Amino acid sequence: MAASLLLACGLQEQRLPKHIHISEESNIDGSFMISSILGQRVRVTNNKTLLICLQNNFKHYLNAGQRLGYNLQMHNGKSLTVIDIVTDIGTDPLSCRWLETSNPTETLYKAICDELVKLQGSVTIIIDNLEGLLNFGASAQDLYALCIKLHKYLEQSSLEHFTLATKLNNCNVFEVTDSNIETLSDLHLRLIKLKSGSFKEVDGRIAISRPSMEEGTYEHSIHSKNVLYKVNEKNIKIFSPGEVGLK
Amino acid sequence: MSSFRKRTQETKAIPGTRSSLYNGQTIASTGNPSLDHILGGGVQIGSLLLIEEDPHVVYSKVLAKYFLAEGVVSKQSLFFGSLDDEPEDLLKKLPKPVEEDSNTSSETSPDMRIAWRYNDLPQVNSEQGGQKIGHHFNILEQMSSEDLKESDISTWSKGSFSELIKKLAQKVKTVKEDSVLRICLTSLGSPLWYSENLEFSKDILKFLTILRAILRTYNTIAFVTIPMGLLEKIDEKLVPRIRNLADYSIQLDSFAGTDRETVPAFKEYNGILNIRKLSALNTLTAFNPETTDLAFKLRRKKFVIEKFHLPPELQDAENPQDDIVPSLSCGGSGKKSLDF
């Protein structure tokens with residue numbers, strides 16, 4: 001259902017890049033991207049997924065996943081662990097641990113570490129979305145520090161392989177923060193609104209960039225490409241810019 | 001007859017809600033059929049509808065009244081909070097429900113004898129709203145006080161963001177599972193909300209994040225009107241961040257007090273309605289309206305959203321000679337003197 005999207009973004013493999021960063025521009029709904037990655041990860045055997053819900057509650061990912069042909073309920077508690085911050089706040093908005101602190105990134109880091117201790121093998125951490133932490137009072141530096149700390153922790157851990165997927169909404173508003181996190185990533189996906197306005201057959205553009213450094217040399221290059229996407233009720237279609245199929 | 005039967009979960013429907021035709025999610029009416037239509041049938045349970053106020057806060061208040069009136073008629077619990085409006089005063093002015101849409105009687109026109117071919121063609125109606133959902137209201141008349149007494153309404157009109165959250169948290173816990181709570185907050189973020197510690201921007205974002213979390217957790221829907229024009233002047237970044245926290249964002253761009261008020265092309269409307277955001281909640285894709293070129297007008301009895309179109313004739317028929325455009329040739333027929 002999301003195979004063409006995963007293929008276009010290079011996310012179809014068993015071992016994904018260590019850090020995938022998704023930047024979402026204002027007035028663009030990129031939640032399909034998280035649902036697609038989540039669907040791919042829960043299907044991979046020997047992979048544990050840790051989902052951190054800051055944008056929507058778990059119910060949303062469950063329903064969206066069913067449209068894409070996978071059932072998260074089957075994996076929940078087994079290969080999938082969920083830290084549902086939205087539900088935590090909704091259930092107890094007056095004395096919730098996420099709101100009591102001035103730096104929620106610290107609380108999140110501890111929560112992630114507590115869960116990672118229990119996991120082994122290959123692990124994928126998905127954080128949707130980092131802007132939620134800014135809304136709770138975290139600063140841009142706190143976000144960057146969180147990403148660096150997670151990188152360090154994962155590198156030092158005994159995990160076979162890890163992938164950290166982060167998403168930042170309103171990336172055009174937080175341009176500096178976004179580009180700072182982008183520099184840490186191995187695969188950057190930017191969801192861009194169409195300049196020409198709304199269009200029935202295409203929802204937006206994905207700019208995919210993957211920095212690569214050849215081993216043993218100092219040569220650094222960035223491979224980038226652009227694709228157009230259309231999110232349908234049960235699938236995501238990908239087009240190349242100027243493709244004949246577009247009317 | 002086929003023995004095939006579609007397997008469906010038999011769940012008890014919540015009063016005043018129904019299943020969406022587009023994505024199967026539970027939706028509730030906003031009280032205004034035109035607004036419901038452009039949102040895909042209604043507002044999804046657990047979502048936040050943001051109305052970006054017009055500068056004079058006329059039309060957004062009308063929509064807020066519709067939202068509250070629909071809750072009263074559907075026997076749903078209501079929570080109304082505002083620092084600018086006195087909640088009791090606004091509740092007294094809720095529109096009265098009407099049995100049938102007054103438009104339906106006028107649709108049956110007599111047969112045309114000269115242009116008889118047009119009899120077979122469907123009537124052109126640019127008003128948004130095809131399906132009958134929710135209730136119809138007459139804004140000219142007010143709801144009876146008995147109806148209001150019977151309904152479960154909580155109000156809030158004094159305090160800060162944190163006090164409002166406390167009150168909301170108490171209210172949502174009293175709502176039963178088979179009922180919906182309608183939260184209506186008007187002029188959120190107006191100057192009366194500014195705090196002394198100059199952390200207004202942080203406070204409003206934190207409040208909306210918590211409100212959104214509450215909405216997702218319980219059977220609630222929220223209708224929030226925000227003066228975006230004012231917030232834009234405080235912090236430009238606030239506008240996209242607030243829109244990101246809403247599930248639906250509608251901007252009411254009123255013509256009142258602007259140059260467009262006197263432009264003949266706009267004389268049929270009171271303003272332009274811009275759909276800023278329609279998000280996909282519990283599904284992959286958001287509802288895609290037929291058109292995004294929309295305008296609104298406040299008629300005598302109702303608020304209507306229509307597909308924006310130019311009037312059939314813009315020329316002033318009384319004095320057509322004024323509109324003669326000078327031709328390029330020297331022997332132009334216009335009586336006006338040439339520019340060179």
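Modeller: Start with one residue: Ser254(B) has a relative accessible area of 3%, and because the cut-off for buried is under 20%, it counts as buried. Keep in mind throughout that this is a predicted model.

Colleague: In which element is Ser254(B) found?

Modeller: Ser254(B) belongs to strand E11 of chain B, which covers residues 248–254.

Colleague: What does the side chain of Ser254(B) reach?

Modeller: The side chain of Ser254(B) comes to 3.1 Å from the backbone nitrogen of Ala256(B). Beyond four places in sequence, Ser254(B) touches Asp54(B), Pro55(B), Tyr59(B), Arg260(B), Asn270(B), Gly271(B) and Phe296(B).

Colleague: Now a charged residue. Is Asp85(B) buried or exposed?

Modeller: Asp85(B) has a relative accessible area of 11%, so with the cut-off at 20% it is buried as well. Asp85(B) sits in the loop between strand E5 (77–82) and helix H3 (87–92) of chain B.

Colleague: Which residues does Asp85(B) touch, leaving out those up to four places away in sequence?

Modeller: They are Lys61(B), Leu90(B) and Thr186(B). With Lys61(B) there is a polar contact between the side chains, at 2.8 Å. For a sense of distance, take Thr209(B): Asp85(B) and Thr209(B) are 124 residues apart in sequence, and their C-alpha atoms are 24 Å apart in space.

Colleague: How do I read chain B as a whole?

Modeller: Look at the elements, the burial and the contact separation. Chain B has nine helices and 14 strands. Of its 340 residues, 48% count as buried. Among contacts in chain B with a separation of 6 or more, 73% are between residues 24 or more positions apart.

Colleague: And the nonpolar cores: which residues touch the most other members of the largest one?

Modeller: That core has 73 residues, and the ones touching the most other members are Ile52(A), Ile125(A), Leu188(B), Phe207(B), Leu208(B), Leu211(B) and Ile242(B). Helix H7 of chain B (residues 200–217) gives the most to this core, ten residues. Take Leu208(B) as a case: beyond its neighbours within four places in sequence, Leu208(B) is in contact with Leu48(B), Leu188(B), Ile226(B), Ile242(B) and Leu245(B). A second, separate core holds 40 residues, including Ile45(B), Tyr59(B), Val72(B) and Cys184(B).

Colleague: How should I judge the interface?

Modeller: The size of an interface is often given as the accessible area lost when the parts come together. Here chain A and chain B bury about 3,000 Å² between them, and 51% of that is on carbon and sulfur atoms. In chain A, Arg67(A), Asn135(A) and Val173(A) lose the most area to chain B, together 18% of what that side buries. By contacts, 39 residues of chain A meet 35 residues of chain B.

Colleague: How many salt bridges and polar pairs are there between the chains?

Modeller: The count is one salt bridge. The side chains of Glu131(A) and Arg241(B) form a salt bridge, at 3.4 Å from N to O. On the side of chain A that touches chain B, the elements giving two or more residues are helices H2 (31–43), H3 (58–67), H5 (85–91) and H8 (131–135) and strand E8 (220–231). The residues of that side of chain A divide into 13 nonpolar, 18 polar and eight charged.

Key:
Residues are numbered from 1 along each chain as its sequence is written. Chains are lettered from A and ligands numbered from 1 in the order in which they are written. This is a predicted model: local features need pLDDT of at least 70, side-chain atom pairs count only at pLDDT 80 or more; totals for chains, interfaces and linings use all residues. Side-chain values use heavy atoms; hydrogens and water are left out. Contact means heavy atoms within 4.5 Å. Buried area is the accessible area (1.4 Å probe) that two parts lose on being put together, summed over both. A salt bridge is a side-chain nitrogen of Lys or Arg within 4 Å of a carboxyl oxygen of Asp or Glu. Helices (H or I, at least four residues) and strands (E, at least two) are DSSP runs, numbered from the N terminus. Ala, Val, Leu, Ile, Met, Phe, Trp, Tyr, Cys and Pro count as nonpolar, Asp, Glu, Lys and Arg as charged, and the others, Gly among them, as polar. A nonpolar core is a set of buried Ala, Val, Leu, Ile, Met, Phe, Trp, Tyr and Cys residues joined through side-chain atoms within 4.5 Å. Buried means under 20% relative accessible area, exposed over 50%, partly exposed in between (1.4 Å probe, protein chains only). A polar contact is a pair of N or O atoms within 3.5 Å; within protein, one must be able to donate a hydrogen and the other to accept it, and residues adjacent in sequence count only if both atoms are side-chain atoms.
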